[in-house]
Amino acid sequence: MTTLDRPRISLLGTSALLFEAPGAFDLPHQRRIWALAATASKWPGIREAIPGITNLMLTFETPPRELDTLFAALNDGWDAAEGLAIGGREIRLPVTYGGEVGSQLQSVADHCGLSVDDVVSIHATPLYTVFALGSHPGYCYLGGMDPRITMPRRQTPLQRSAGGSVSIGGSQTGVSASPGPSGWHAIGHTSWTFFDPSWPTPAALAPGDTIRFEIERVIR
Amino acid sequence: MIEILSVTGPASVQDLGRFDQSRFGVGTSGAMDDVALRAGNILLGNDENAAGIEIPMLPFKLRFDRNMAFALTGADVEAEIAGRAIPPWWRSHARAGDILTVKAMPRGARLYLAFGGGIDVPMVLGSRSTQFRGEFGGWHGRPLQPGDILPCAASTTTIGELGVEPAEITLARPNAAADETIVRVVIAGEYDGFDAATQALFWSSSWKITPQSNRYGYRLQGPAVKPKAPIEKRSHGIVPGVIQIPPNGQPIIQMRDAQTSGGYPKIATVIRADLWRVGQARLGSKLRFEQTAYGEALAAEAEMSAYLERLRTNVRLIEEIRTCR
């Protein structure tokens, strides 16, 4: 992925803009994004500040007449942003690796030159941090995966991947919250509920929460 | 209440959309042609955000179980109620037991059926729109089926027939050929990642709208538009209207049910004032992009708002004249 050496701001038509931070895909940079999001969400005319992976989208309540002031505020805000260390919850998530849903477990092992047990153990070791939510309701982008189990995304996305799929896409891992198309490789599944529109906060997890995958079972 | 008797394809309950839930991964949903839904609600004296039915395929048939005003806007339409033909962009009135039959859409891709008072399904996360991926909102989070009985809120709407000028006439774009939709776009983050010849190809091509186009996205077909070097972005927020270029070089316009984030390079974004035109572009027809600056895009939005304001004023004046008689 491209690494920038200075912040980059681009327009998404008249309804939003995207701020992309320079630097690595790591927790210190992400913490500055969370800080900038907390600040920018209070600015007048801003509807929502939505963190991505070391970037931030601002959607407009009303599109600003002129953009220079907003661009300058974002650049200044980034320079001033101290990392926001969110003391999130730690979730233990039981995972069944392999089986029908996790049918790509063997492919990932083959691709990485590892055994199935190695892949499972490497995947279940780190404490992952929820970097951002996005894609579909309740889906979390996680940071912290061991690069030894990196596998490029599919050339052609699957039309339907099961809800609760634990998947690897490039150097990222995540758990889908509902069934839908996916370009990632499913290596397991969990029956946890990530999203319910009737909850006061509809998503179960928030940026800064951490996840530890527990090996419930490995189906070879 | 109204009962769905016959439905073809994914008709759904939509209002203007769900705009402040992106940070939970929840997309906007909402009417693909928001101008048409607003116009229907204006005709009925409803809140403009009242929920109606978006109909993408025909035939469609429903029965009214009480006297009720309704409006048909969006695509051009061949429809009748109790044997009377209904013109497009028209408010009409049904008696209890009347059956509305929509037979054909000679032009356009989506029809909006609005009801006096609006469809009274619960607000979920601030909207009545159907969220298909999350299976919530609208009518049980799913497309409508025959036998569904939808509640409508009480309404004080007057019952006379009334029509307004369709948006496609008032807001017509110059130089648009019969089978081609021209939409204005503002360039996006990765535009400079394409060389000048490829950028020129993007502007000059007449893009075919493939059958894989729907509420999630419009997949276009034409010459391959590929960046100078492959671009893989870190996942970031996107909005409806964003035009992504996947590795095969065939653009995808993100629409109302799109994911809230993505990583493909973005060449441009369809402006809000023109996104409804994409929603009314038919499968198999052609689409062309016209570059516009941010300031011009705001002016286009103002023009759209002025059109809606004129509708409000005209409808109010006509009601006042009727009341005075």
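Predicted model: local features only at pLDDT ≥ 70, side-chain atom pairs only at ≥ 80, totals over all residues.
1. In which loop of chain B is Pro59(B) found? Pro59(B) sits in the loop that joins strand 3 (52-55) to strand 4 (60-64) of chain B.

2. On confidence, the model scores ipTM 0.95 and pTM 0.95. For chain B the mean pLDDT is 94, and 98% of the residues of chain B reach 70 or more.

3. The division of chain A comes from a domain assignment. Domain 1 of chain A covers 8-80, and domain 2 of chain A covers 90-219. Their C-alpha centres lie 28 Å apart. Where the two domains touch, six residues of domain 1 of chain A are in contact with eight residues of domain 2 of chain A. On the domain 1 side, helix 1 of chain A gives the most, with three residues. By class, that side of domain 1 of chain A holds four nonpolar residues, two polar residues and no charged ones.

4. Which residues of helix 2 of chain A are buried? They are Leu74(A), Gly77(A) and Trp78(A). Viewed down the axis of helix 2 of chain A, these buried residues fall within an arc of 100°, and therefore they line one face of the helix. What covers them includes strand 1 (8-12), strand 2 (16-20) and helix 1 (27-40) of chain A. The other side of helix 2 of chain A carries the exposed residues Asp68(A), Thr69(A), Ala72(A), Asp76(A), Asp79(A) and Ala80(A).

5. The contact between the two chains deserves a separate point. Here 36 residues of chain A are in contact with 37 residues of chain B. On the side of chain A that touches chain B, the elements giving two or more residues are strand 1, strand 2, strand 3 (46-51) and strand 4 (55-60) of chain A. The residues on this side of chain A comprise 19 nonpolar, 15 polar and two charged.

6. Chain B is likewise assigned two parts: domain 1 (2-164) and domain 2 (180-292). The centres of these domains of chain B, taken over C-alpha atoms, are separated by 28 Å. In this case 20 residues of domain 1 of chain B are in contact with 14 residues of domain 2 of chain B. Helix 1 (residues 34-43) of chain B gives the most to the domain 1 side, namely three residues. That side of domain 1 of chain B has seven nonpolar, nine polar and four charged residues.

7. Ser135(A) is not a glycine, yet it has a positive phi of about 70°. Ser135(A) is found in the loop between strand 6 (128-133) and strand 7 (140-143) of chain A. Is Ser135(A) buried or exposed? Ser135(A) counts as buried because it has 23 C-beta neighbours inside 10 Å, and the cut-off for a buried residue is 20 or more.

8. His140(B), also not a glycine, has a positive phi of about 55°. His140(B) lies in the loop between strand 10 (111-115) and strand 11 (149-150) of chain B. With 14 other C-beta atoms within 10 Å, His140(B) is partly exposed.

Notes
Residues numbered from 1 in each chain as written. Chains lettered and ligands numbered in written order. Buried ≥ 20, exposed ≤ 12 C-beta atoms within 10 Å, placed from the backbone. Helix = DSSP H or I, 4+ residues; strand = E, 2+ residues; numbered from the N terminus. Arc of directions from axis to C-beta. Contact = placed C-beta atoms within 7 Å. Nonpolar A, V, L, I, M, F, W, Y, C, P; charged D, E, K, R; others polar. pLDDT = per-residue confidence, 0-100.
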